[in-house]
Amino acid sequence: MCQELNWDFKYGELAKDKDFVNNVENLKENLIEVQQVLNKLLPLKKNYDKMSLPAQIELDLFFVYTLNSLHWIHLRTKGIDPTKHPIKDELLRIKATMLKWQEVKDRQKRPTVNVEVAKRLVRNGLYDHQRAPVKQLNKRIKFSDNEE
């Protein structure tokens with residue numbers, strides 16, 4: 001489990017800078033949220049081998065993206081521009097993998113075609129003049145007067 005951090009900051013002279021204090025408090029709230037989610041999900045790693053493959057993939061993607069995002073945040077708090085750091089490429093690679101995984105999941109949800117039914121529909125939908133019934137032309141029948 002994640003170690004509980006002391007979130008009680010002493011701002012000192014920076015307490016007068018409202019923008020700074022608001023930014024730090026927002027960051028603190030978001031990090032507490034991340035910590036709570038991780039505290040719930042980290043125990044799942046104990047049962048990792050018993051999980052289904054899709055669940056393992058989703059858990060791995062979640063952890064990899066979370067850790068790299070936290071590293072991005074760490075770089076930002078240290079004053080390093082993460083857009084010029086290799087972490088940017090790693091996050092893009094993870095996002096591409098997440099999109100591929102989503103495509104795989106969507107592919108499983110697509111309806112399947114019953115080939116036999118499709119063949120019958122196409123075969124019966126096509127006009128075949130040799131198999132079509134002969135139409136009786138609408139002819140007038142003339143009766144002669146001498147028939148009784």
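Of the contacts in the protein with a separation of 6 or more, 48% are between residues 24 or more positions apart. Keep in mind that this is a predicted model.

- Among the helices, H3 (residues 86–109) has the highest confidence, with a mean of 93.
- Helix H4 (residues 115–125) sits at the other end, with the lowest confidence and a mean of 83.

**Surface and burial**

- The protein has 148 residues, and 15% of them are buried.
- Its accessible surface works out at about 13400 Å².
- Carbon and sulfur atoms hold 55% of that surface.

**Helix H2 and its surroundings**

- H2 covers residues 53–77, which makes it 25 residues in all.
- From first C-alpha to last, H2 reaches 36 Å, close to the 36 Å you'd expect at 1.5 Å a residue.
- Its buried residues are Gln56, Leu59, Leu61, Phe63, Thr66, Asn68, Ser69 and Leu75.
- The cover over those buried H2 residues includes helix H1 (18–41) and H3.

**Aromatic rings**

- The model has two aromatic pairs, counting ring centres within 6.5 Å of each other.
- One of them is Tyr11 with Phe20: the ring centres are 6.3 Å apart and the planes meet at 85 degrees, so this pair is edge-to-face.
- The cut-off behind that label is an angle over 60 degrees between the planes.
- Tyr11 counts as buried because its relative accessibility is 18%, and the limit for buried is under 20%.
- Phe20 has 32% relative accessibility, so Phe20 counts as partly exposed.
- There's also a charge over a ring to look at: Lys45 lies over the face of Tyr48, 4.5 Å from the ring centre.

Note on methods:
Residues numbered from 1 in each chain as written. Predicted model: local features only at pLDDT ≥ 70, side-chain atom pairs only at ≥ 80, totals over all residues. Heavy atoms only, no water. Phe/Tyr/Trp six-rings, centres within 6.5 Å; stacked < 30°, edge-to-face > 60°. Buried < 20%, exposed > 50% of the residue type's maximum accessible area, 1.4 Å probe, protein only. Lys NZ or Arg CZ within 6 Å of the ring centre and 35° of its normal. Contact = heavy atoms within 4.5 Å. Areas by Shrake-Rupley, 256 points an atom, 1.4 Å probe, with all protein chains shown as cover. pLDDT = per-residue confidence, 0-100. Helix = DSSP H or I, 4+ residues; strand = E, 2+ residues; numbered from the N terminus. Expected span 1.5 Å × (residues − 1).
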